Amino acid sequence: MNSATLPPNSLFDDLVQQDRQYIWHPYSAVDSPAPLYPVERAEGARLHLSDGRVLIDGMSSWWAVIHGYNHPELNQALTQQVDQFAHVMFGGLTHKPAVRLAQWLVEHTPDGLAKVFFSDSGSVAVEVAIKMALQYWQSKSQTSKHQLLSLRRGYHGDTFSAMSVCDPTTGMHHLFNQVLKPQIFSQSPPCGFDQTWQEHYIDDFRQQIETHHETLAAVILEPIVQGAGGMNFYSPVFLKRVRELCDEYDCLLIADEIATGFGRTGELFACNHSGISPDIMCVGKALTGGYMTLAATLCSDKVATAICQGEASVLMHGPTFMANPLACSVALKSCQLLVESPWQARVANLAATMKQLLAPCASMNHVAEVRVLGGIGVVELKNPVELAKVQDKFVQAGIWVRPFGKLVYIMPPFVIEQADLIELCEQLVSVVAAIHD
């Protein structure tokens, strides 16, 4: 990787200047001092910047680009579909890409998920899931069941119902507490993924569902990995107990697999670690291999039938770009590529390499913990990083890593070359060591 400081590049500088004039980036102020890096092209696991530098991508563009950038078969799926039609409304019409993709999802997700509702993004998929749960109980004339039980340190998106079930302290609740619906929260699972199970780990969750089950429409959680809320990996037994308690107390279970789905945790879907099936599941991010925005909310026949037997007789939702043919075409090809590839071996190699090469961080005084699960590697610091200062250190090291809070983490594309994976890990360790200096 070319990590040297390059001479000024007028195109690079002009793009950055115009960006700062017109664009508002995610989770940033309009006058943010954080650096920006124009991308000229991307291929495989590498980002080529406009100033000539090349970065190894450790983020899979927020965990979505599992097959790498500029994949020829994904490109072909898009171009073939655009030559037929780019979009049609999904009310009263249908098309092969949507039908085939829905069939694939039902066949490969946990047993019992039988109906697929497409939407535009992960946050909207969560909104749809919550709406499904609420309409389910309304249809059964149990309108008292209108709240949700979620986990602390959880994250489910930035739209309003999704925000209401994100962690109430580290999320955005305090900014919107006058308009967000109050929900119920249990403590974050206190048990690590490989930790020996003890029944008291489920005590707080059990207490919450016992106390509030008469008003609970559903439990919503991220199975096995709590992502943006803290990169917390927890025991599969915890998830199994949650499923059992939902059954015992007549409460629907919503699994938010937007970040965990499509192999990232070492299982095709994270629910498989526990051998459970949710009543409702959300998928997104890697669904299209990172090519386009698309998400889906799946549910059981029980949920779908009850909703359609209720007062409304329909699910009250309908995005304009629902089941966009371009997105469905590339998603279907991405899903097929995944299951036809040696993805388990690739993810296992990611895990083994990251465990070995990130381990030196554990002995650094400013590091709290190093943990790895599947294709996720996390270095948790004792204090938050200052993004505006540390981001350029990673770029100068030739890698694209975007930490948040105390977490420096990587989720590389599954197809990353071993030499690039080694370089990514070694440079990350070097930068983390320098953060303390």
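Tutor: A salt bridge is a side-chain nitrogen of Lys or Arg within 4 Å of a carboxyl oxygen of Asp or Glu. This is a predicted model, where local features need pLDDT of at least 70, side-chain atom pairs count only at pLDDT 80 or more, and totals for chains, interfaces and linings use all residues. Residues are numbered from 1 along each chain as its sequence is written, and side-chain values use heavy atoms, with hydrogens and water left out.

Student: What makes Asp-51 and Arg-53 a salt bridge?

Tutor: Their closest N and O atoms are 2.8 Å apart. The cut-off is 4 Å, so the pair counts.

Student: Why is Asp-51 called buried?

Tutor: Buried means under 20% relative accessible area, exposed over 50%, partly exposed in between (1.4 Å probe, protein chains only). Asp-51 has 14% relative accessibility, so Asp-51 counts as buried. Arg-53, at 7%, is buried too.

Student: Which residues form salt bridges with Arg-371?

Tutor: Glu-369 is one partner, with closest N and O atoms 2.8 Å apart. Glu-380 is another, also at 2.8 Å, N to O.

Student: Is Glu-369 called buried or partly exposed, and why?

Tutor: Glu-369 has a relative accessible area of 39%, so Glu-369 is partly exposed. Arg-371, at 11%, counts as buried. Glu-380 is buried as well.

Student: Which residues do shared partners join into one network?

Tutor: Salt bridges that share partners link Arg-243, Asp-247, Asp-279 and Lys-302.

Student: How many salt bridges does the structure hold?

Tutor: The structure holds 13.
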